Amino acid sequence: MEPKYSKVYDALVERIAQMSPGERLESEVKLASSFNVSPMTVRRALMLLSQNGLTIGIPGRGTFVTERASTPAASRRTPSPHEPCLAPAAPLTHAKLISAALEVADDAERELLRTTDEPFVARIQRAHYLDDAHTKLVGIEVGIVRADLFPGILGLDLSLDLADILTGDHWDHHRQLVTTRTIRATIATADEAAQLHLREPAALLNLETSFVDADGVTCAETLSKFIGDDVEFTA
């Protein structure tokens, strides 16, 4: 059975084909109402449009068309969950687990996970180094993973790449996940500067990563902060 978000995606591609670059799509709420689906389903379809370069989302302003969808074979086909996500890659670093605990999600974490219930989450803190001897600290990371979807995750090697852990064969189910990454520059807070042994003010690169399954469920979120002078990202 074709997922609802796929039908919304295909319909929006058809709509975008009749629009000009720079035109704005309707809001998530209005689209959800017009398609008679949940806002989460629309958000999933909009995410795929953005990943395929057809739209761009501007916080506080909306979603805008970036190019005309004119190639049926390429742009009008719903991407398979088996296809790789075209997103900025994380820098090549060596992660070291600092702490991991099972806790009830707080308000901010429920908002990140886009849920109104109070799921248990595995809260994972890691440090990132340039070398496997862990001598050159270049980043810090905090991640939350829904423990109800990935039971027993705290027993795994959490120094490995989180995407590999979540899509591995450790689970009774096998979830196809879309990974979305957002990179922005910030100035380190006093606590962040102390953790990374930096003098204030210092520039950091924030990497926010979301892991969303085929049903539009946000399974995990991570926020990593890297020293901008020491790491770089590639597409």
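**Labels and the values behind them**

Visitor: What is Arg114 in contact with, leaving aside its neighbours within four places in sequence?
Guide: Arg114 is in contact with Met40, Arg43, Thr218 and Glu221; contact means heavy atoms within 4.5 Å. Keep in mind that this is a predicted model, where local features need pLDDT of at least 70, side-chain atom pairs count only at pLDDT 80 or more, and totals for chains, interfaces and linings use all residues. Residues are numbered from 1 along each chain as its sequence is written, and side-chain values use heavy atoms, with hydrogens and water left out.

Visitor: How far apart are Arg114 and Met40 in sequence and in space?
Guide: They are 74 residues apart in sequence, and 8.5 Å apart in space from C-alpha to C-alpha. Arg114 is found in the loop between helix H5 (107-112) and strand E4 (120-129). Helices (H or I, at least four residues) and strands (E, at least two) are DSSP runs, numbered from the N terminus.

Visitor: Why is Arg114 called partly exposed?
Guide: Buried means under 20% relative accessible area, exposed over 50%, and partly exposed in between (1.4 Å probe, protein chains only). Arg114 has 34%, so it is partly exposed.

Visitor: Why does Arg123 count as buried?
Guide: Its relative accessibility is 16%, so Arg123 falls on the buried side of the cut-off. Arg123 is found in strand E4, and, leaving aside neighbours within four places in sequence, its contacts include Glu103, Asp106 and Glu109.

Visitor: Which residues of H1 are buried, and why are they said to line one face?
Guide: Tyr5, Ser6, Val8, Tyr9, Leu12, Val13 and Ile16 are buried. Seen down the axis of H1, they fall within an arc of 160 degrees, so they line one face of the helix. That arc is taken over the directions from the helix axis to the C-beta atoms.

Visitor: What makes the charged end of Arg44 count as sitting over the ring of Tyr5?
Guide: The rule asks for NZ of Lys or CZ of Arg within 6 Å of the ring centre and within 35 degrees of the ring normal. The charged end of Arg44 is 4.4 Å from the centre of the Tyr5 ring, and it sits over that ring. Arg44 is also one of the buried residues of H3.

Visitor: How confident is the predictor, going by pLDDT?
Guide: pLDDT is the predictor's confidence in each residue, from 0 to 100. The protein averages 80, and 85% of the residues score at least 70. Over residues 68-88, pLDDT stays under 50.
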